Amino acid sequence: LSAYSQRLRPDYSGALADYRKAEALGSERDLRLDIARTLYETRDYPAALEQINRYLNNKPQLWADGQMLKGNILAQRGQHEAALKSYKRAARQYDYLDKLQFYQAVSLRALGRSDEALAQLDKGLKRQGRAYFQLVYLKAMLSYEQKQYQEAALLYQQLIERRRGWALPLL
C-alpha cells in the first residue's frame, strides 16, 4: 500500500529542489523542461509558464514536448485559444499522438467548439493509442452534452466493457 500511495503522491517539491540544485551546479543536461513539468505538477502555473517560455526561447531539441506542456499550462490557466496554438505547433512533430488530440479536444470543448472537439476525438480514436480511454470518456461527455444520449450510453458501456478488471489490483 505504501508504494501505491507514493505513486499517487510523488514528491514534486523534492524533485524541484533536486533539479534546481543540479542546475545551479552546472548540469550538462538542460533541466528547464523537467523544472517546468515539475512546476506544472505542483500547479504553480505562472512559474511553469515562465520556465517553459525560457526553455522554448532557446530552440531546444524537445521543442514539441515543450509546446505540448505549454499548451497544458495555458489550458489550466483558462487560456484555451493560446493553448490550441501551442498544441498546433506540437502537432507539427507529434500529430500521431492521440494524447495531443485529447488535449486539443479539451480546449475546444472549453471554448464551446464541440463539433471541432468531436473531430479531434475521432482522429485520436482511430489510433487506438494510450489515451484511448480518455478520448472515449470525453466523447461520451460531449455526446451527452449534445443530448445524444444513446451515443453517450454506448460509449460509457464501451468503457465499462473494456475496463472491467480495472479495480482488481486495489482489492
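Which residues line the largest pocket?

**View 1. The largest pocket and its lining.** This is a predicted model, in which local features need pLDDT of at least 70 and side-chain atom pairs count only at pLDDT 80 or more, while totals for chains, interfaces and linings use all residues. Residues are numbered from 1 along each chain as its sequence is written, and side-chain values use heavy atoms, with hydrogens and water left out. The answer to the opening question is Arg37, Tyr40, Glu41, Asp65, Met68, Leu69, Asn72, Leu97, Lys99 and Tyr103. A pocket here is an open set of points on a 1 Å grid over the protein atoms alone, where a 1.4 Å probe fits, with protein on both sides within 12 Å along at least five of seven lines; lining residues have an atom within 4 Å of a point. The volume of the largest pocket is about 190 Å³, where volume means the space filled by probe spheres set on the points. Helix 5 gives the most to this lining, with four residues, and helix 3, helix 5 and helix 7 each supply at least two. Helices are DSSP runs (H or I, at least four residues), numbered from the N terminus. By type, the lining divides into five nonpolar, one polar and four charged residues; Ala, Val, Leu, Ile, Met, Phe, Trp, Tyr, Cys and Pro count as nonpolar, Asp, Glu, Lys and Arg as charged, and the others, Gly among them, as polar.

**View 2. The second largest pocket, with a volume of about 160 Å³.** Look for Tyr40, Asn72, Ala75, Gln76, Tyr87, Tyr103, Val106 and Ser107 around this one. Helix 5 and helix 7 are the elements that give two or more residues to the lining. Five of the lining residues are nonpolar, three are polar and none is charged.

**View 3. Helix 4, residues 45–57.** Its 13 residues reach 18 Å from first C-alpha to last, close to the 18 Å expected at 1.5 Å a residue; that expected span is 1.5 Å times one less than the number of residues. Tyr45, Ala48, Leu49, Gln51, Ile52, Tyr55 and Leu56 are buried, meaning under 20% relative accessible area, whereas exposed means over 50% and partly exposed lies in between (1.4 Å probe, protein chains only). Seen down the axis of helix 4, the buried residues fall within an arc of 165°, so they line one face of the helix. The arc is that of the directions from the helix axis to the C-beta atoms. These buried residues pack against helix 2 (12–24), helix 3 (32–41) and helix 5 (63–76), where contact means heavy atoms within 4.5 Å. Just after helix 4, Lys59 takes a positive phi of about 45°.

**View 4. Helix 7, residues 98–110.** This helix has 13 residues and spans 19 Å between its end C-alpha atoms, close to the expected 18 Å. Its buried residues include Leu100, Phe102, Tyr103, Ala105 and Leu108. Among the elements covering the buried residues are helix 5, helix 6 (80–94), helix 8 (114–125) and helix 9 (132–145). Gly112 follows helix 7 with a positive phi, near 80°.

**View 5. Arg43 and Lys147, each with a positive phi.** Arg43 sits in the loop between helix 3 and helix 4, and its phi is near 65°. Lys147 lies in the loop between helix 9 and helix 10 (149–162), with phi near 60°. Arg43 counts as exposed because its relative accessibility is 65%; Lys147, at 61%, also counts as exposed.
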